Amino acid sequence: MLSRDETKAMAAIPVALAVAAAVAWAGSAGGRTILGFPVFAVLFAMAFLIQWVVFVPSFLLRSERFFDVTGSLTYVSVMALAVAWSPPVDARSALLLALVVVWAARLGTFLLRRVRRAGKDARFDQIKGSFWRLLLTWTLQGLWVSLTLAAGTAAITAGTRRPLGIPEALGLGVWLIGFGLEALADEQKRRFQLVSANRGEFIRTGLWGRSRHPNYLGEILLWTGVAAISAPVLRGWQWVTMVSPAFVALLLTRISGIPILEKRADKKWGGREDYETYKRNTPVLLPRLWKRQG
């Protein structure tokens, strides 16, 4: 008999697929086709198929080691196929592919090293033995990949081509700021955790002294930049794909990112005067440009 959590997971999977199907339909409007099928929709389907294929050995081996690297490779694969199946390759397509590859390579490598150093990924402790909960996690990664890439892949597979201009330059600037924030925040935390005296402690230096989750702010900004670069060639229903940065922000701030980490931190350090002071004086996401005392 399925537990309550497993039942919820089983019910959530078709909901995730329905959301993906709706965006796939909208993003395909007026776009390129391959063998009679919309390229955009095929790419959405591939994002999920890759996750489900790798889910099988992950469940059988009760292992989370494939999760992050699969996500990164899916990002690169989907964008590379979008470009390959949507000739001619213009500057916008090449730029979007390059930005995603750079981001995925950096983040994927960072996450893989983190799991190897820790020996496990604590997010999977309670779910890797549950078929439906683990399948939901892999399915949600398919949704995460497809929706975050939606604006970019819609722009690449669209029938419209136009030169890059000021909107694209502004989008690239936002992407660079976001990428820099995320990379710097991750590196600062990595170095903090390498110091033996910091073992079991929370970071409150560097960017982490201005925001409790500066890496997530960077993530939201860089996908906003991708959407801005994509927007000038979107037409009609393709504008639905501009949900990409909003989806990233919603997921990180309300569902799977900040709420989980905040709850874990409160459980570990809640009640400590230094931690409570840090929480009181440090914004959750948007950084404070000056530090408050006390």
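Aspartate 5 and arginine 133 form a salt bridge in which the closest N and O atoms are 4.0 Å apart; the term denotes a side-chain nitrogen of Lys or Arg within 4 Å of a carboxyl oxygen of Asp or Glu. The pair links distant parts of the chain, with aspartate 5 in helix H1 (residues 4-28) and arginine 133 in helix H5, 128 residues apart. Helices here are DSSP runs (H or I, at least four residues), numbered from the N terminus. The model is predicted: local features need pLDDT of at least 70 and side-chain atom pairs count only at pLDDT 80 or more, whereas totals for chains, interfaces and linings use all residues. Residues are numbered from 1 along each chain as its sequence is written, and side-chain values use heavy atoms, with hydrogens and water left out.

| Salt bridge | N to O distance |
|---|---|
| Aspartate 5 – arginine 133 | 4.0 Å |
| Arginine 106 – glutamate 182 | 3.3 Å |
| Aspartate 274 – arginine 204 | 3.5 Å |

Burial is classed by relative accessible area (buried under 20%, exposed over 50%, partly exposed in between; 1.4 Å probe, protein chains only). Aspartate 5 is partly exposed, with a value of 41%, and arginine 133 is partly exposed at 24%.

Arginine 106 forms a salt bridge with glutamate 182. This pair also links distant parts of the chain: arginine 106 belongs to helix H4 (residues 91-118) and glutamate 182 to helix H7 (residues 166-194), 76 residues apart. Glutamate 182 has 4% relative accessibility and therefore counts as buried.

Aspartate 274 and arginine 204 meet through their side chains in a salt bridge. Aspartate 274 lies in helix H11 (residues 273-281) and arginine 204 in the loop between H7 and helix H8 (214-230), so that distant parts of the chain, 70 residues apart, are linked. Aspartate 274 is partly exposed at 29% relative accessible area, and arginine 204 is partly exposed at 32%. Both residues belong to a network of salt bridges that also includes Glu201 and Arg272.

A search of the whole structure finds 17 aromatic pairs, defined as rings of Phe, Tyr and Trp (its six-membered ring) with centres within 6.5 Å; planes under 30 degrees apart count as stacked, over 60 as edge-to-face and the rest as tilted. One of them is the tilted pair of phenylalanine 40 and phenylalanine 44, at 4.8 Å centre to centre and 35 degrees between the planes. These two residues lie in helix H2, 4 residues apart, about one turn of the helix, and both are buried.

The ring centres of phenylalanine 59 and phenylalanine 131 are 5.4 Å apart and the planes stand at 90 degrees, so this pair is edge-to-face. Because phenylalanine 59 lies in helix H2 and phenylalanine 131 in helix H5 (residues 131-148), the pair ties together parts that are 72 residues apart in sequence. Phenylalanine 59 counts as buried at 17% relative accessibility, while phenylalanine 131 is partly exposed at 34%.

Threonine 74 is placed in helix H3 (residues 67-84) and is buried, at 0% relative accessibility.
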